[in-house]
Amino acid sequence: MLQQYKQILVPVDGSYEAELAYKKGVAVALRNNATLHLVHVVDTRAFQNISSFDTSMVEQVTETAKKTLDKYITDAKAAGLNDIDYSIEYGAPKSVIAKDIPENLNIDLIMIGATGLNAVERLLIGSVTEYVTRTAVCDVLVVRTDLENKPAVNPKKKADK
């Protein structure tokens, strides 16, 4: 029997890896006749260290995320996927992605981009992707390849070399 997913979650953060996960998420949702849920988590802990906490910074991050998510919705609908929505959440990305949203929306698959962190950053702060794969309450697919299943190479990183 083939596994069929009905509720798919794709976290997006503006990174190249997250965009690949989004594109593959659209394809999987279409094949499975599933609902695709996009989420952007604003890590509010990042703003707690700023002495003069300014809500306009959070609003600016939220507005940028909203524009990206609106574009993703438009592109997905153009590809034929109508059962798609998004949310912008606030808090710790690890727990929101691995537990909170999957439990609230009955998510049965999380498609997440491979980490963009280098080894030192992963050691110091940990990778959201690594945490999600270890603790999620549902299946997790880590996207490491492009739409042709070739190793993903971020064009920005390629240009930096």
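1. Helices here are DSSP runs of H or I with at least four residues, strands are runs of E with at least two, and both are numbered from the N terminus. Gly80 belongs to the loop between α3 and β3 (84-90). With 44% relative accessibility, Gly80 counts as partly exposed; the term covers the range between buried (under 20% relative accessible area) and exposed (over 50%), computed with a 1.4 Å probe on protein chains only. Although Gly80 and Ala27 are 53 residues apart in sequence, their C-alpha atoms are 9.8 Å apart in space.

2. A remark on the basis of these values is in order. The model is predicted, so that local features need pLDDT of at least 70 and side-chain atom pairs count only at pLDDT 80 or more, while totals for chains, interfaces and linings use all residues. Residues are numbered from 1 along each chain as its sequence is written, and side-chain values use heavy atoms, with hydrogens and water left out.

3. The protein chain holds 7 helices and 5 strands. Read from the N terminus, its elements follow the order β-α-β-α-α-β-α-β-α-α-β-α. The chain has 161 residues, of which 37% count as buried. Among contacts (heavy atoms within 4.5 Å) with a separation of 6 or more, 75% are made by residues 24 or more positions apart.

4. Helix α3 comprises the 24 residues 55-78, and at 1.5 Å a residue it should span 34 Å; its end C-alpha atoms are 35 Å apart, which agrees. The expected span is 1.5 Å times one less than the number of residues. Which residues of α3 are buried? They are Val58, Thr62, Ala65, Leu69, Tyr72, Ile73 and Ala76.

5. Helix α1 (residues 16-32) packs with α3: their axes come within 10 Å and cross at roughly 30°. Axes are lines fitted to C-alpha atoms, for helices over the stretch in contact, and angles run from 0 to 180 degrees between N-to-C directions. The two helices, α1 and α3, are therefore roughly parallel to each other, a term for angles under 35 degrees, where angles over 145 count as roughly antiparallel, 65 to 115 as roughly perpendicular and the rest as oblique. On the α1 side, Glu19, Tyr22 and Val26 meet Tyr72, Asp75 and Ala76 of α3. The residues of this contact comprise 4 nonpolar, no polar and 2 charged. In this division, Ala, Val, Leu, Ile, Met, Phe, Trp, Tyr, Cys and Pro are nonpolar, Asp, Glu, Lys and Arg are charged, and the others, Gly among them, are polar.

6. Helices α4 (residues 93-105) and α6 (residues 128-135) have axes that come within 9 Å and cross at roughly 30°. That makes α4 roughly parallel to α6, and their crossing is right-handed. Pro93, Lys94, Ser95, Ile97, Ala98 and Lys99 in α4 meet Val128, Tyr131, Val132 and Thr135 in α6. This contact of α4 with α6 divides into 6 nonpolar, 2 polar and 2 charged residues.

7. Most residues other than glycine have a negative phi. Asn33, however, has a positive phi of about 55° although it is not a glycine, and phi of Asn149 is near 60°. Asn33 is in the loop between α1 and β2 (35-42), and Asn149 is in the loop between β5 (139-143) and α7 (155-160). Are they buried or exposed? Asn33 is exposed, at 64% relative accessible area, and Asn149 is exposed, at 55%.

8. Ala34 also lies in the loop between α1 and β2, but at 2% relative accessibility it counts as buried. Leaving aside neighbours within four places in sequence, Ala34 is in contact with residues including Tyr5, Gln7, Ala29 and Leu81. Ala34 and Gln7 are 27 residues apart in sequence, and their C-alpha atoms are 5.8 Å apart.

9. Asp43 lies in the loop between β2 and α2 (45-48) and is partly exposed, at 22% relative accessible area. Beyond its neighbours within four places in sequence, Asp43 contacts Gly91 and Pro93. The C-alpha atoms of Asp43 and Pro93 are separated by 6.2 Å, with the two residues 50 apart along the chain.

Methods. Left-handed = near helix turned anticlockwise from the far one by under 90°.
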